[in-house]
Structure formats: structure tokens, C-alpha cells
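Subject: Structure handover and notes

Dear colleague,

Please find below the structure that I promised to pass on to you. My notes on what was found in it follow directly after.

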Amino acid sequence: MASAGHMAVRHSRKQAMEIIRRCLKEGKVIYDPHIYKQSKKRRFTIGDVVHVLKKGVIYDEPEPHIRTNLWRYRVCGETPLEKALAVVVEIADPNAIIITC
């Protein structure tokens with residue numbers, strides 16, 4: 001995580017997708033508790049989230065998260081049942097991501 005008062009490294013959209021996909025395979029994936037509440041409310045599964053992260057695309061530039069000092073990347077895609085889903089991911093370090101939705 002970034003140190004207090006200092007933003008983490010900002011990655012390009014391509015670099016961010018590479019890091020996210022690598023972390024899904026061999027890194028650390030942290031699910032923010034908020035995602036479980038959202039999954040019930042919006043009717044998607046963690047499997048849907050993983051599918052979108054594997055197949056989706058980052059269209060927009062990342063946004064800074066003031067509380068964590070990490071950049072937030074929005075990965076957009078479809079679930080296996082073709083439902084649109086956007087997943088918000090913070091890159092804590094090159095080997096760890098936080099999925100916040």
C-alpha cells in the first residue's frame with residue numbers, strides 16, 4: 001500500500017490489466033467486504049467478478065482513492081450470462097490487488 005500522504009504508482013491501463021491478470025493467477029487477491037454486499041444487492045457472484053477481470057477491459061483512466069492513496073481501475077465486461085458488470089480494482093503492489101466493486 002502507498003505510504004501516508006503519497007499516492008501509489010499509477011499504471012497505464014494496459015499495465016494495470018497485466019498486473020490484475022497476473023495476480024489472479026499467482027498473486028494475492030483481496031476482496032473488500034463491500035463487494036459481498038454489492039453482489040447480493042446487484043445479483044452477481046465472485047465467479048462473475050473473476051470472469052470480468054479475466055476477459056474485461058479498462059476503458060477509462062484510473063481515479064485516485066484519497067483514503068487508501070491507491071489508484072482505482074474500473075474493469076468493464078460481461079458475466080458468463082452476458083450481464084454487464086464493472087469491477088473496481090486497486091493495485092496495492094505488483095503482486096496484490098484489492099477488489100472493491
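Among contacts in the protein between residues at least 6 apart in sequence, what percentage join residues at least 24 apart? The share is 58%, where contact means heavy atoms within 4.5 Å.

Before the details, please keep in mind that this is a predicted model, in which local features need pLDDT of at least 70 and side-chain atom pairs count only at pLDDT 80 or more, while totals for chains, interfaces and linings use all residues. Residues are numbered from 1 along each chain as its sequence is written, and side-chain values use heavy atoms, with hydrogens and water left out.

The protein has 3 helices and 6 strands, which run α-β-α-α-β-β-β-β-β from the N terminus on; helices (H or I, at least four residues) and strands (E, at least two) are DSSP runs, numbered from the N terminus. For 101 residues a compact globule would have a radius of gyration near 13 Å, and the protein agrees with this at 13 Å; the radius is taken over C-alpha atoms, and the globule rule is 2.2 Å times the number of residues to the power 0.38. The C-alpha trace spans about 40 × 25 × 25 Å along its principal axes. Of the 101 residues, 41% count as buried, a word that stands for under 20% relative accessible area, with exposed meaning over 50% and partly exposed in between (1.4 Å probe, protein chains only).

Helix 3 (residues 46–55) has D48, V49, V50, V52 and L53 as its buried residues, and these pack against helix 1 (13–26), strand 1 (28–31), helix 2, strand 4 (70–78), strand 5 (84–93) and strand 6 (96–99). At the start of helix 3, a side-chain oxygen of T45 comes to within 3.3 Å of the backbone nitrogen of G47. This is a polar contact, that is, a pair of N or O atoms within 3.5 Å; within protein, one must be able to donate a hydrogen and the other to accept it, and residues adjacent in sequence count only if both atoms are side-chain atoms.

In helix 2 (residues 33–42) lies I35, which counts as buried because its relative accessibility is 0%. Not counting residues up to four places away in sequence, I35 touches F44, I46, V49, I99, T100 and C101, and its C-alpha atom is separated by 8.6 Å from that of I46, 11 residues apart along the chain.

H65, in strand 3 (residues 63–65), is also buried, because its relative accessibility is 14%. The side chain of H65 reaches the backbone nitrogen of T68 at 3.1 Å, and, leaving aside neighbours within four places in sequence, H65 is in contact with M7, L70, R72 and E90.

Two backbone angles deserve a look. Most residues other than glycine have a negative phi. R43 counts as exposed because its relative accessibility is 73%, whereas N69 is buried, with a relative accessible area of 12%.

Best regards
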